[in-house]
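This report goes through one structure in running text, taking up domains, sheets, helix packing and chain contacts in turn. It is meant to be read beside the sequence and the coordinates.

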Amino acid sequence: MSRHKLRSERLALAGFGSVLALFLFMPLVSLVIATRPRSFVVALGQPFVWGVLELSLLTTLASLAIVVVFGTPLAWTLARRGGAAARAVETLVELPIVIPPAVAGVALLLAFGRRGLFAGILYPEGSSLAFSVLSVVMAQVFVSAPFYLQAAISAFRRVDERLIVVSRSFGAGPLRVFRRIAVPLAAPALVGGAAMSFARSLGEFGATLMFAGNLRGVTQTLPLAVYTALESDLGVAQALSVLLMVVALALLLVARAALGRTGERRGGRE
Amino acid sequence: MFRAVVLLLALTGCRRPPDVDPAKETEVVVFAATSLGDVFARMSEAFRRTRPGVTVRFNFAGTQQLRTQLEHGAAADVFASADMIHMQALRRSGTVGSSVVFARNEPVLVVSLDRASAIAGLQDLPSALRVVIGVPEVPIGRYTLDILDRASMKYGEDFRARVEAKVVSRELNVRQVLSRVTLGEADAGIVYRTDATSAEGKVAIKTIPPELNAIASYPIATIVKAKHPALANAWMAFVLSGDGQGILKLAGFHPGSGAAAP
């Protein structure tokens, strides 16, 4: 094949593929271009916007803390056990990634709502968690935990078995192995997974709307504010969207850097 | 390159003249307020009986959401709103033609069954633990605020504030308000009577005193750039016809003024 033909074929492939890239860029670029800096500042100057930001930040940080504190030991346990039960649990805890958020909202209501399956145990006085800040966090944990678990399980599986055997032979207990060997070795992937999980929490919309409701100052997070503002003040909706996009981009970069580093290290060892 | 762009603009710019032969139109796209969902579905059955082969496509959502979609160029033929404000805004922007009020609807208080004895009427609303209302942009939400303002003149100046202190969620359409109460997540909410009767047996319905109530008016109009203008007019005429009005009455709507909206 001539060099000219090679080149033109390569260009054809790239050109064909770039149609998709272009489609993905267009809305993102439009969002930024359509939002003038001045209207961005004006929109963010509205007093309620800061309340929304604060609520989003507090709930997502709380969700992240819960996901990391409970998710890390869970991921380690699932990674160390290869049995059918562990595999089944692994599949189930990753299910929220693929189920529609609206389904998650209905499921949360049916479990934890006032007439939910666990209402009798949870709320003997008849009130319920729905519509509280706590319900926002519950929705976020439900949809975001799998992203962290997925990254953590695969990172823990890559921890060198010999290191564990050696430290065990020196008398280290399972807790010590987990804290001193597994977590430090998997740390970059854990950070990457945490960033992805945080981003998912920040963007949580459907389950929050259905389970936590939409009340400014209590349960109205950034995505809900964008949705509500779309019908009253497009400028605010745009400004909040740009803000969310920038934060999401930052989180993606963190996740890529962290996950990329573990990938390289593994690549180097093999 | 420049010539290509001009050509492209010219091509996209020249629209096909609207098809005015009703025989050639096979579908009509109707954007309608959430509260019209059941009754319009019933109406479309009757409408299609006289026009075999015609499809009526619906988009039901909060009126304010439909308005946003129409302002962004959504392809619709008819718009039926649950209040005058959103219709007038679309009229001003030249999106819709002149409108006619075809129905009215009465907001009522719906109460979760286990709280029905404690909340006997509007005056008891501040004693509810959780109240759900619409966002101020959705018609039912605005009517609710009007009602609370009027009630404040009768039940005490701070009545609206006392109720708003119990509001746990502001929903984007009337059916979401209703579902919060039917699910028992909220003790009470304000919805249209027609929505309340659709959940009869699952919620208690309390009438709001007429002097405090804000009756909803439903105007209907065709979209100026409708792709199916003939069927759009036919749908609007059917809604206003004796048959259409009969179906609306059966569903619990009050007759509209029939007059053109201002």
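In this predicted model, 15 residues of domain 1 of chain B are in contact with 14 residues of domain 2 of chain B. On the domain 1 side of this contact, the elements that give two or more residues are α2 and α3 of chain B, and of these α3(B) gives the most, with three residues. Sorted by class, the residues that domain 1 of chain B turns towards domain 2 of chain B comprise six nonpolar, seven polar and two charged. The domain assignment behind this description places residues 17–104 and 217–255 of chain B in domain 1, and residues 107–207 in domain 2. The C-alpha centres of these two domains of chain B lie 28 Å apart.

**Chain B as a whole**

Chain B contains ten helices and eleven strands, and of its 262 residues 50% are buried. Where contacts in chain B link residues at least 6 apart in sequence, 77% of them join residues that are at least 24 apart.

**Strands of chain B**

An open sheet of six strands is found in chain B, with the order β2-β1-β3-β10-β4-β11 and mixed pairing. The edges of this sheet are taken by β2 (55–61) and β11 (254–255) of chain B, each of which has a single partner strand, so one side of each is left without a neighbour in the sheet. Within the sheet, strand β4 (residues 100–105) of chain B runs antiparallel to strand β10 (residues 216–222) of chain B, and five bridges join the two. In this pairing B:Ala103 stands opposite B:Tyr218 of β10(B).

Strand β5 (residues 107–112) of chain B pairs with β8(B) in the antiparallel sense over five bridges, and B:Pro107 stands opposite B:Tyr192 of β8(B). Strand β6 (residues 131–134) of chain B, by contrast, runs parallel to β8(B) and is joined to it by two bridges; here the bridge partner of B:Val131 is B:Ala188 in β8(B). The strand pairs described above are set out below.

| Strand pair | Sense | Bridges |
|---|---|---|
| β4(B) and β10(B) | antiparallel | five bridges |
| β5(B) and β8(B) | antiparallel | five bridges |
| β6(B) and β8(B) | parallel | two bridges |

**Helix packing in chain B**

Two packed helices are described by the angle between their axes and the distance between the axes. For helix α2 (residues 37–50) and helix α10 (residues 242–250) of chain B, the angle is about 145° and the axes are 10 Å apart, while the crossing of α2(B) past α10(B) is right-handed. On the α2(B) side the contact is made by B:Val39, B:Arg42, B:Met43 and B:Ala46, and on the α10(B) side by B:Asp243, B:Gly244, B:Ile247 and B:Leu248. Taken by class, this contact of α2(B) with α10(B) has five nonpolar residues, one polar residue and two charged residues.

**Contact between the chains**

How many residues of chain B are in contact with chain A? There are 15 of them, in contact with 16 residues of chain A. On the chain B side, α3 (63–71) and β7 (167–171) each supply at least two residues, and β7(B) gives the most, with five residues. The side of chain B that touches chain A divides into five nonpolar, five polar and five charged residues.

**Chain A**

For chain A the domain assignment gives domain 1 as residues 1–34 and domain 2 as residues 39–269, and 34 Å separate the centres of these two domains, taken over C-alpha atoms. Their contact takes four residues from domain 1 of chain A and four residues from domain 2 of chain A. On the domain 1 side, the residues that touch domain 2 of chain A are four nonpolar, with no polar and no charged residues.

A:Phe48 lies in helix α3 of chain A, which covers residues 47–80. Because A:Phe48 has 13 C-beta neighbours inside 10 Å, this residue counts as partly exposed. Between the C-alpha atoms of A:Phe48 and A:Ile153, which are 105 residues apart along the chain, the separation is 40 Å.

Methods. Residues numbered from 1 in each chain as written. Chains lettered and ligands numbered in written order. Predicted model: local features only at pLDDT ≥ 70, side-chain atom pairs only at ≥ 80, totals over all residues. Pairing = 2+ DSSP bridges. Helix = DSSP H or I, 4+ residues; strand = E, 2+ residues; numbered from the N terminus. Contact = placed C-beta atoms within 7 Å. Nonpolar A, V, L, I, M, F, W, Y, C, P; charged D, E, K, R; others polar. Domains from an automatic or database assignment. Axes fitted to C-alpha atoms, helices over the stretch in contact; angles between N-to-C directions. Left-handed = near helix turned anticlockwise from the far one by under 90°. Buried ≥ 20, exposed ≤ 12 C-beta atoms within 10 Å, placed from the backbone.
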